[in-house]
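Hi,

Here is the structure I promised to hand over.

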Amino acid sequence: MRSPLTQPLPLAGERSKTGRSAVFTGVARDCAAHLPGVLENLRRFAATYREASFLFVISDSKDDTRTILERWLANGRSGRVIDLGALEQRLTKRTERIAFARNTGLDEIARGNDTGHDHLVVADLDDVLAQPVDAEAFARAAAWLDADRARAGVMANAMPRYYDVWALRHERWCPGDCWHPIWGRPTDETFEAAKFREVFTRQIEIPPSLPPIAVRSAFGGLGIYHLRAALSARYHGVDAKGRETSEHVAFNAAIAAAGGRLHIFPALQVHAPRQHLYQPSEFKWRWRMTMMARRAAEIARPSWRRMLAPT
């Protein structure tokens with residue numbers, strides 16, 4: 001089997017296959033400020049399909065998120081909004097609430113008319129997709145997914161750096177949960193040191209020209225799955241020890257356990273949210289110098305060559 005770095009790239013002019021359809025889903029809380037840009041991206045992605053429907057799940061929202069979504073759907077689109085109301089009293093952990101909302105969407109799709117669609121497109125409805133994303137790259141990713149029946153899902157890359165390390169699982173790049181070692185760090189290690197080691201060193205720049213990268217789990221704000229594979233999986237936002245964890249890991253692990261292959265598609269780039277990336281103003285001078293040295297070293301030896309080289 002070819003390694004992730006030697007698989008052929010899709011052709012530049014490759015388009016989505018005629019006859020494909022998709023259901024788009026996302027969860028939201030107080031996303032009103034970002035929705036105009038997000039929904040414009042979803043509109044352009046949906047245009048690459050013969051047929052598309054939408055299912056949005058919201059909870060604990062105090063702004064106009066529901067109104068904006070319902071108004072957008074009412075403009076000739078097929079779909080609905082499920083409002084779960086206040087979940088915070090019942091589900092105190094944020095990742096629990098997100099997983100519950102995502103599973104609610106899966107359940108609604110499974111028992112409705114959307115089960116006949118080919119793809120499930122999972123999209124974050126916040127600032128990750130608030131800026132324009134290349135719809136042709138989305139279509140190429142969807143076509144690449146369909147080119148091999150063993151492929152179950154493709155997820156987005158990000159510019160300027162891949163940011164979603166929490167959802168990432170890859171033998172060399174990020175084999176485990178990045179936040180658990182930070183929360184459980186030794187008493188003599190600072191938060192800054194642990195975060196540099198576990199998060200920032202893994203937020204690498206991935207050139208969009210690279211071929212798809214095989215992973216055990218990823219997300220990055222946008223994923224395209226074969227619907228049949230996705231409906232057999234579930235999201236979980238808490239691990240066996242009761243710790244918060246990215247809900248995508250359990251979902252992707254279930255798909256992989258059933259034989260589905262998952263990849264990051266480098267040409268499909270979202271915009272990494274600023275708050276998830278290294279910001280010099282948040283760190284003392286010694287850490288700024290540390291990052292400057294790392295970035296200088298990356299010029300000579302890009303991190304992706306070391307992280308993504310075949311084991």
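**Cavities, sheet and one glycine**

The lining of the second largest cavity is made up of four charged residues, two polar and two nonpolar (Ala, Val, Leu, Ile, Met, Phe, Trp, Tyr, Cys and Pro count as nonpolar, Asp, Glu, Lys and Arg as charged, and the others, Gly among them, as polar). Before going further: this is a predicted model, where local features need pLDDT of at least 70 and side-chain atom pairs count only at pLDDT 80 or more, while totals for chains, interfaces and linings use all residues. Residues are numbered from 1 along each chain as its sequence is written, and side-chain values use heavy atoms, with hydrogens and water left out.

That second largest cavity has a volume of about 40 Å³, and its lining residues include Arg-161, Arg-294, Arg-295 and Glu-298. A cavity here is a set of points, on a 1 Å grid over the protein atoms alone, where a 1.4 Å probe fits but cannot get out; lining residues have an atom within 4 Å of a point. Grid points are joined across faces, edges and corners, and a volume is the space filled by probe spheres set on the points.

The search of the whole structure finds two cavities of 30 Å³ or more. Among the residues that line the largest cavity are Gly-26, Arg-102, Val-122 and Tyr-235.

Gly-26 counts as buried because its relative accessibility is 1% (buried means under 20% relative accessible area, with a 1.4 Å probe and protein chains only). Gly-26 and Val-122 are 96 residues apart in sequence, yet 5.8 Å apart in space, C-alpha to C-alpha. Leaving out residues up to four places away in sequence, Gly-26 touches Leu-55, Phe-56, Val-57, Ala-123 and Leu-125, with contact meaning heavy atoms within 4.5 Å.

Now for the sheet. Eight strands form an open sheet with mixed pairing, in the order β3-β2-β1-β4-β7-β5-β8-β6; two strands pair if DSSP finds at least two bridges between them. The edge strands, each pairing on one side only, are β3 (78-83) and β6 (213-215). β1 and β2 (residues 51-58) pair in the parallel sense over eight bridges, and Ser-21 has Glu-51 in β2 as its bridge partner.

Best wishes

Methods: Buried < 20%, exposed > 50% of the residue type's maximum accessible area, 1.4 Å probe, protein only. Helix = DSSP H or I, 4+ residues; strand = E, 2+ residues; numbered from the N terminus. 1 Å grid on protein atoms, 1.4 Å probe; cavity = no way out; pocket = protein on both sides within 12 Å on 5 of 7 lines; lining within 4 Å.
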